[in-house]
Amino acid sequence: MASRKRTLLKVIILGDSGVGKTSLMNQYVNKKFSSQYKATIGADFLTKEVQVDDRLVTMQIWDTAGQERFQSLGVAFYRGADCCVLVYDVNSSKTFDNLENWRDEFLIQASPSDPDNFPFVVLGNKVDVEGGKARQVSEKKAKQWCGAKGGIPHFDTSAKEDLNVDDAFQTIARNALKNESEEELYIPETVDVNAQAAPRRAQSSCC
Amino acid sequence: MADAEEFWGEEEVAGREQAQGEEDDETGERPHPRRFSFGILGKRMALVAQGVGDSLARTAAAVGEVIVDSDLRSKSAALLAESVGKAAAGVGKGLQQGAGRIAAGPRTVQGILQKLQHRIEEQRMHSLLQEQQDTPVDVQVAFQLYEDAPQELRSRLWMAVLEHPELCKEYQADAGSSTAASEVSGGWQHNGGVGQEDIDEVISRDIHRTFPEYPLFAFEQAYALHDMEAAYCQGMAFVAGLLLFYVPEEPAFQLFCRLLSTSGPNLRRLYLPGLEGLKAELRKLEFLAERFLPNLTAHLNAAGVVPVLFASQWLLTCYSCPFPVGFACRLIDVMLQASSAGFGCAGYVQAAGVS
């Protein structure tokens, strides 16, 4: 009955609808790309074991719905996040302009203890489209914005062609780990929902 | 890289065989020797391959977009033929393996094959859809459940609900007639300055990843114009897709309006900006779960999994995501008849022509 203790990193992916959040997550975790992902309704998550230096950590990646009205559900998603990934489509300047809103909204709703140093990572996705000819947001412009926000790491990515996806998530894991406090995370045992037994004594050490 | 070479070599050999095989497919004279070893999926893929002849030209054109070089273009056409033949051999699981191998191949060819995979996947979905249309379903008429009924029963039930509004007393007042509905929408507030163009963009980003085989764009666009406050919200397209599975576009739209209508099941409250209706339903779910499934609730809470994380999609897609379509449709059966609860089943059964 002992609870396992391990490092769990919670990563939130935010960005406008259709920029490729689900694709990036799936490319990273499952090494698969499909142009036919269904729109994410509400949220979804995947986990992956990652080696960061000599530590093995579990990264829990939360994928969120991009439509604006879903922001009001944010509190439940954002709480306890260790890193926030902001994704835009390099072929749509609007999705880039909205990063500001996504960042602000995240900081308001997640209210991290040290908002100025909370780790963000920015990904400019879909660089493969038309061989880059459709690009509306230059890497320079994006890096400028990232610099102005306290030096947020920026990556040009293509979930479709698996370009920079691993590198980006490695950085995400590293930065999340820096932010992670020393608290011990409690991973509950599997529970049999059909069991009639009285609820197990709660591990009062946590929560 | 050795792996990749082996793969391409194999492809080429297989390709020659299969180019041959494909011709045979069209004439249907020579049974493909490998076709039967892969079970139902293989057979289905073989069927698909027969139809692929027509679509091949279109696919090649689509692939042409990414290939400027004419040499490569002809090569890609050959590749298409090969891989389609491969599909005919029933490589359902091969799709996945293929993806791994393809990753090792040259980038351009990788692009071609990915497009092809989507094409095959589409064809597969199409044939699955066809098959689903022939599968018996459970249809609920009032409190009566008809198990293993032909799908047509559901189409007729839904059409009956629409064509005989007099069966639904409460609903009579404003449903069915579009003028009444537009009067209602006239009273609604416009959604905080969001222009139609923005809405159109959101819809177009969404619909190709919901049910790509249905004309959902016009559908959702029309609804956004009809109800400017709810406009378009992710999840709506799933509900529309379910309706379009059984009835043509126009009645489907009317049924959709009806499902969302405040005087009907009022699904629109779930979609309104702010999602307050959704949140209220989620709180109800939380309350019920705590009461009836305390163990599970405690477990989920300990892991930080609250209803909003998993149940939002249930409610917003009318339970079609991630539950089976049949389950979602039965729910729609019930909701469409909900406003006529006092009417009993007889009227409906009659209306549906199954008495």
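Guide: In this predicted model, ring pairs join Phe310(B), Trp314(B), Tyr319(B), Phe323(B) and Phe327(B) into a cluster. Over all chains, the structure holds 19 aromatic pairs. One of them is formed by Phe45(A) and Trp62(A), whose ring centres are 4.4 Å apart. The planes of these two rings meet at 40 degrees; since stacked pairs lie under 30 degrees and edge-to-face pairs over 60, the pair is therefore tilted. Phe45(A) belongs to strand β3 (residues 43–52) of chain A, while Trp62(A) belongs to strand β4 (residues 55–64) of chain A, so the contact ties together parts that are 17 residues apart in sequence.

Phe118(A) and Phe120(A) make an aromatic pair of the edge-to-face kind, with 5.6 Å from centre to centre and 70 degrees between the planes. Both Phe118(A) and Phe120(A) are buried.

Charged side chains also meet aromatic rings. In chain A, Lys48(A) lies over the face of Tyr28(A), 4.8 Å from the ring centre. In chain B, Arg154(B) places its charged end over the ring of Tyr246(B), at 5.3 Å from the centre of that ring.

Technical notes
Residues numbered from 1 in each chain as written. Chains lettered and ligands numbered in written order. Predicted model: local features only at pLDDT ≥ 70, side-chain atom pairs only at ≥ 80, totals over all residues. Heavy atoms only, no water. Phe/Tyr/Trp six-rings, centres within 6.5 Å; stacked < 30°, edge-to-face > 60°. Helix = DSSP H or I, 4+ residues; strand = E, 2+ residues; numbered from the N terminus. Buried < 20%, exposed > 50% of the residue type's maximum accessible area, 1.4 Å probe, protein only. Lys NZ or Arg CZ within 6 Å of the ring centre and 35° of its normal.
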